[in-house]
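Look over the sequence and the coordinates before you start.

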Amino acid sequence: MADQIPLVDYLVLGDSPHLVANECTNCGARYFDRRNACASCSGLTFTKADIVTDGEVRAFTIVTPWVPGAAPYVPAVVDCGGTSVRANIVNTEPDAEHVTLGMKVRLTTFPIGTDTAGTEAINYGFEPAN
Amino acid sequence: MANDDIWILGINMTKFGKHPNEDVVDLASEATLAALADAGVTMADMGILAAGNLMGAAAGIGQQLQKQVGQTGIPVFNVANACATGATAIRTVIMAIKAGECDMGLAVGVEKLSGAGMLGAGMGPAASDEWTPSGRLGAVSGLEGKLGTDMMPGVFAQVGMEYGHKYGGTSFELFARISAKNHSNSTLNPLAAIQKDMTFEQIMAEPMIAYPNTRAMCSANSDGAAAAVLVSGEKLRTLSKEQQRRAVKVSASVLTSDPYEEGCQILPNVNTLTRNAARQAYELAGIGPEDLDLVELHDCFATAELVHYDNLMLCPEGGAVDFFESGAPFRTGSTPVNVSGGLESKGHPIAATGIANIWEICHHLRGEAGPRQIEGAKVGLAHVIGLGSACGVHILEKSGL
């Protein structure tokens with residue numbers, strides 16, 4: 001199996017892929033980016049918090065790409081146990097019949113390309129749970 | 001007029017649309033000279049200049065403008081606050097007058113955007129030969145389209161969809177009908193970039209940009225400028241009766257940013273900062289939403305207009321769909337919204353927008369809006385939001401003279 005690297009550093013690969021947030025030790029606010037301090041309470045210390053992989057679609061859109069012939073994609077906000085996560089909805093038709101508000105989804109991962117060293121980059125998205 | 005009141009003495013917007021033969025300095029000069037003429041004053045009377053041109057924020061549009069219309073040596077504040085840049089320029093001048101630094105000042109916003117396409121984050125760095133994590137997310141590739149979208153049509157589409165998820169009642173057709181209202185209004189506005197009446201069926205049949213926003217439901221990228229001359233109440237009393245009669249009172253001028261809430265760094269929360277700005281503005285002005293004769297709100301996309309009915313408290317919380325269905329925001333309704341045609345048809349030259357919407361309100365309060373005049377208009381509200389975020393709300397009142 002080729003070496004793998006996550007598309008973003010808050011995606012943890014392995015047997016049970018999941019997302020990990022920087023959680024403020026003072027107020028519990030969660031972030032996915034590198035932090036200088038907490039935007040909620042200005043706290044300076046963070047701990048790692050695993051995010052549940054099941055969620056519910058709170059908002060979505062279906063973007064028509066500029067590139068002719070490219071498939072539409074479905075950006076969404078997924079509520080994962082109270083933590084908002086940003087991703088595309090995948091493994092379903094990109095239309096408003098198949099993607100709906102409140103839909104139950106689960107995290108999935110997939111390769112997006114291989115570099116010259118043979119390392120595969122892995123992205124995540126959410127697919128319908130049912 | 002109390003000494004510490006602030007008034008708009010003169011204001012102007014250029015025609016919005018394509019201006020291939022004029023640069024940003026030409027457009028800013030046109031609006032500035034017209035606003036000064038409208039006010040009956042000159043550059044020599046100005047004590048401060050605040051100016052914005054978002055796409056050229058590093059170039060110092062204020063000083064470039066001075067070099068065409070009057071280098072009087074006054075302090076210049078070049079401001080940039082996304083789509084709230086124009087409102088920020090006005091707010092800056094108002095703060096200077098309120099602080100007693102001067103008694104009159106000029107705010108200008110200008111943009112050239114024709115043909116700019118979708119605005120938002122770029123596609124990120126080109127993939128290198130080997131995946132190399134970079135940036136605050138340690139990303140090995142650009143994320144647009146891979147992990148959601150930063151493009152404005154998709155962001156604001158999700159804002160409207162989130163409202164629908166929370167309160168119900170939204171649909172593709174509903175958003176198209178909101179857009180049809182604004183396109184219908186634009187037919188009465190000769191300064192609008194697009195003056196084309198469209199049915200909701202036609203709007204739904206337009207190319208889909210980001211569901212549920214079709215092309216006609218997105219703000220029109222256009223060129224344009226707007227400028228305003230502001231004056232203290234104390235100074236205004238020394239001016240002519242005609243200047244005093246046409247002056248428009250700034251009963252509230254508020255600028256907010258978005259307070260932290262869960263999820264606000266995942267999808268921008270355009271709601272809370274707007275609600276906060278509106279609440280402060282109503283309190284400052286001693287005016288309630290029910291007193292408003294017209295509202296110009298930031299319909300950068302049809303999905304945005306819906307949520308701002310609620311955020312500006314034009315309806316009970318969660319009641320934006322019912323508010324629209326009642327006919328309230330139509331020209332003939334109880335709270336006409338975007339009688340200018342809104343950004344979807346009037347156009348959205350970013351830094352000009354936050355002054356142009358105030359111009360629209362002033363036009364009605366002065367009784368000078370011609371065929372689209374809201375009869376007897378005495379008080380209006382202008383709202384803009386710049387993603388990031390910044391929200392400007394101004395409440396304006398007709399002169400009592």
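Q: What pattern does chain A follow, read along the sequence?
A: This is a predicted model. Chain A has zero helices and eleven strands. Read along the sequence, the pattern is therefore strand after strand: β-β-β-β-β-β-β-β-β-β-β.

Q: What does the C-alpha trace of chain A span along its principal axes?
A: Chain A is the chain with eleven strands and zero helices. Along the principal axes, its C-alpha trace spans about 45 × 40 × 30 Å.

Q: Which strands stand at the edges of the six-stranded open sheet of chain A?
A: The order is β1-β11-β10-β6-β8-β9, and the pairing is mixed. An edge strand has a single partner, so one of its sides is left without a neighbour in the sheet. From one strand to the next, the twist averages 45°. The edge strands are β1 (4–6) and β9 (83–88) of chain A.

Q: Which residue is the bridge partner of A:G55 in β10(A)?
A: Strand β6 (residues 54–60) of chain A pairs with strand β10 (residues 104–114) of chain A. The sense is antiparallel, over three bridges. In β10(A), A:G55 has as its bridge partner A:V105.

Q: How many residues does the contact take from each of chain B and chain A?
A: The area buried between the two chains is about 3,800 Å². Carbon and sulfur atoms give 58% of that area. The contact takes 37 residues from chain B and, from chain A, 51 residues.

Q: Which residue of chain A meets the side chain of B:D150 in a salt bridge?
A: Between chain B and chain A the count is two salt bridges. In the one with B:D150, the N to O distance is 3.0 Å. The partner is A:R86.

Q: Which element gives the largest share of the side of chain B that touches chain A?
A: Across this interface, 22 residue pairs are in polar contact. Two elements of chain B give two or more residues to its side: α4 (152–167) and β5 (208–211). That side divides into 17 nonpolar, twelve polar and eight charged residues. The largest share is seven residues, from α4(B).

Q: Which residue in β5(B) stands opposite A:I62?
A: Strand β7 (residues 62–63) of chain A and β5(B) pair in the antiparallel sense, over two bridges. One bridge partner is B:A210, for A:V63. Opposite A:I62 stands B:Y211.

Q: What is omega of the peptide bond that joins B:Y211 and B:P212?
A: Most peptide bonds are trans. The bond between B:Y211 and B:P212 is cis. B:P212 has its place in the loop between β5 and β6 of chain B. Omega is about 5°.

Q: Where is B:S389 found?
A: A cis peptide bond joins B:G388 and B:S389, with omega about 10°. B:S389 is found in the loop between β10 (379–386) and β11 (390–398) of chain B.

Q: How many residues apart in sequence are the parts that B:D38 and B:R246 tie together?
A: The salt bridge of B:D38 and B:R246 has its closest N and O atoms 2.9 Å apart. B:D38 lies in helix α1 (residues 24–39) and B:R246 in helix α8 (residues 241–246), both of chain B. The pair therefore ties together parts whose separation in sequence is 208 residues.

Terms used: Residues numbered from 1 in each chain as written. Chains lettered and ligands numbered in written order. Predicted model: local features only at pLDDT ≥ 70, side-chain atom pairs only at ≥ 80, totals over all residues. Heavy atoms only, no water. Contact = heavy atoms within 4.5 Å. Buried area = accessible area lost by both parts, 1.4 Å probe. Salt bridge = Lys/Arg side-chain N within 4 Å of Asp/Glu carboxyl O. Polar contact = N/O pair within 3.5 Å; in protein donor to acceptor, adjacent residues only side chain to side chain. Helix = DSSP H or I, 4+ residues; strand = E, 2+ residues; numbered from the N terminus. Nonpolar A, V, L, I, M, F, W, Y, C, P; charged D, E, K, R; others polar. Pairing = 2+ DSSP bridges. Axes fitted to C-alpha atoms, helices over the stretch in contact; angles between N-to-C directions.
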